[in-house]
Amino acid sequence: MKARGDVAAHYTLDTNWRSAPGVVESVNRLFSLSDNPFMFREIPFLPVKPAGKNHGLRFTVDNDAFRPMNIWLMPGEAVGSGDYQTYMAQLCAAQIRDWLSAGQQGRALLWRNDKAARPVQASDITVLVRNRQEASLIRDALRALAIPSVYLSNRDSVFDTPEAQEILWLLQAVLAPERENTLRSALATSIFGLNALDIERLNQDERAWDALVEEFSIYRQIWRQRGVMPMLRALMSARQIAENLLVTVGGERRLTDILHISELLQEAASSWKANMRWCAG
């Protein structure tokens, strides 16, 4: 805010190039209801106009235009935050269920213009949350209605997942496959889908274990020459990890987290040693 006061010229975009006109107008109306919507006079709200190319964008249910902005209220006066969040998550999930059901019946349509429309589908819907706790409430509410979902998290939260710990063990095994305990720890992760009996059989089969060490040595070579993401993709392809995860409960979300972690690791550093430090820290 101090920096804003130190300059005379302020620049802003006056056109929203992504949203439908109804959404833009609703946001303008909502934030214009208060003189200080962001609490500080130094941060004003400046209404914008919708892009002309988006004039035909709209969402209809049973041939009626759906209101671009809806505000839900929980009945009752004294409401705890936990009950409120759970109630809203369930309400949100129920609305998504109704939209998807109507889309499958050709009753809920997304329009680009007066002649081009298609049924709404799951990939069209995004729920914005503030943190992983809210995401879990939404995911649980959707799961109760048999609706799969994927949580696209940022760097901090994705590295708090069990998948991040398992990826670390996996990287340690690729780095030193000749260390039996390290390799066994990687094999014991849910990523590989092996049970204790499977791992014990490998321990008892010297030829199979040597082949496994050689396989992980190849992954190490790929990591050093091409980077961590190509290595992880090669391993996932050889071990059919994606296919195995997708048949488990929550597998789609877990696979997304694993791929997200691999992308972040690839972007974080060019050396394999730096990847290890970044993932562990």
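A salt bridge is here a side-chain nitrogen of Lys or Arg within 4 Å of a carboxyl oxygen of Asp or Glu. The model is predicted, and it holds 12 salt bridges.

In one of them, the side chains of arginine 239 and glutamate 215 meet with an N to O distance of 2.7 Å. This pair links distant parts of the chain, with arginine 239 in helix 10 (residues 228-239) and glutamate 215 in helix 9 (residues 206-226), 24 residues apart. Salt bridges with shared partners also join Glu163, Glu166 and Arg254 into one network.

A further salt bridge pairs aspartate 14 with lysine 49, whose closest N and O atoms are 4.0 Å apart. Here too, distant parts of the chain are linked: aspartate 14 belongs to the loop between helix 1 (2-6) and strand 1 (15-16), whereas lysine 49 lies in strand 2 (residues 49-50), 35 residues apart.

Aspartate 140 and arginine 143 form a salt bridge at 3.9 Å, N to O. Both residues belong to helix 4 (residues 132-144), and because they are three residues apart, about one helical turn separates them.

The relative accessible areas of residues in these pairs are listed below.

| Residue | Relative accessible area and class |
|---|---|
| Aspartate 14 | 46%, partly exposed |
| Lysine 49 | 45%, partly exposed |
| Aspartate 140 | 42%, partly exposed |
| Arginine 143 | 43%, partly exposed |
| Arginine 239 | 29%, partly exposed |

Arginine 239 counts as partly exposed because its 29% falls between the limits of 20% and 50%.

Note on methods: Residues numbered from 1 in each chain as written. Predicted model: local features only at pLDDT ≥ 70, side-chain atom pairs only at ≥ 80, totals over all residues. Heavy atoms only, no water. Helix = DSSP H or I, 4+ residues; strand = E, 2+ residues; numbered from the N terminus. Buried < 20%, exposed > 50% of the residue type's maximum accessible area, 1.4 Å probe, protein only.
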